[in-house]
Structure formats: structure tokens, C-alpha cells
Amino acid sequence: DPESPSLTFLPQYPAKQQETEYTCGPAAAWTVVQDYLGTAPDDERTMAKIMGTHPAGMQDPGTNTRNAG
């Protein structure tokens with residue numbers, strides 16, 4: 001609902017709603033990549049794989065930089 005006080009819509013940017021409880025990072029990254037490069041992976045799972053996002057149930061679900069090299 002565009003009238004909801006808890007949401008801010010930025011209509012000038014294409015947006016990707018996250019599909020899982022642990023892929024907020026890939027969904028946000030998709031928005032930036034799509035806007036900056038004009039193209040992004042077709043699905044969130046591909047973006048999550050590129051980013052090294054761990055699935056739910058693992059020790060560190062989601063995307064983090066803890067072991068980034």
C-alpha cells in the first residue's frame with residue numbers, strides 16, 4: 001500500500017522483493033545492479049549464489065563478509 005507509513009517507495013528504481021527470509025542482501029544488490037548496469041540476473045537465487053549467501057538452517061544464514069577473502 002503506497003499510503004503505508006512503514007514503506008518508502010522509490011518509483012524511479014526497479015525493485016526486487018526478497019523471496020526468502022535470508023536473501024535481503026541479494027534483493028537489495030539486485031536493485032543497485034539493475035539500476036547501475038541496466039541488467040541483473042533474472043532471479044534472486046542467482047544473485048544469492050554470486051554473493052555467497054548461505055541458505056536458512058546453516059550456521060550463518062544470509063550474506064555476510066565474515067569470511068570474505
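This is a predicted model: local features need pLDDT of at least 70, side-chain atom pairs count only at pLDDT 80 or more; totals for chains, interfaces and linings use all residues.
View 1. Helix H2 spans residues 44-51, and its buried residues are Glu44, Met47 and Ala48. Viewed down the H2 axis, these buried residues fall within an arc of 100°, so they line one face of the helix. An α-helix has 3.6 residues a turn, so residues three or four places apart point the same way. Helix H1 (24-37) is included in what covers the buried residues of H2.

**View 2. The opposite face of H2.** Arg45, Lys49 and Ile50 are exposed. These residues sit on the face of H2 turned away from its buried side.

View 3. Just after H2 comes Gly52, with a positive phi of about 75°.

View 4. Glu44 belongs to helix H2. Its relative accessible area is 2%. The cut-off for buried is under 20%, so Glu44 counts as buried. Leaving aside residues up to four places away in sequence, Glu44 touches Lys16, Gln17, Gln18, Glu19, Thr20, Thr23, Pro26 and Ala27.

View 5. Leu37 is placed in helix H1. Its relative accessibility is 58%, so Leu37 counts as exposed, the cut-off being over 50%.

Methods
Residues are numbered from 1 along each chain as its sequence is written. Side-chain values use heavy atoms; hydrogens and water are left out. Buried means under 20% relative accessible area, exposed over 50%, partly exposed in between (1.4 Å probe, protein chains only). Helices (H or I, at least four residues) and strands (E, at least two) are DSSP runs, numbered from the N terminus. The arc is that of the directions from the helix axis to the C-beta atoms. Contact means heavy atoms within 4.5 Å.
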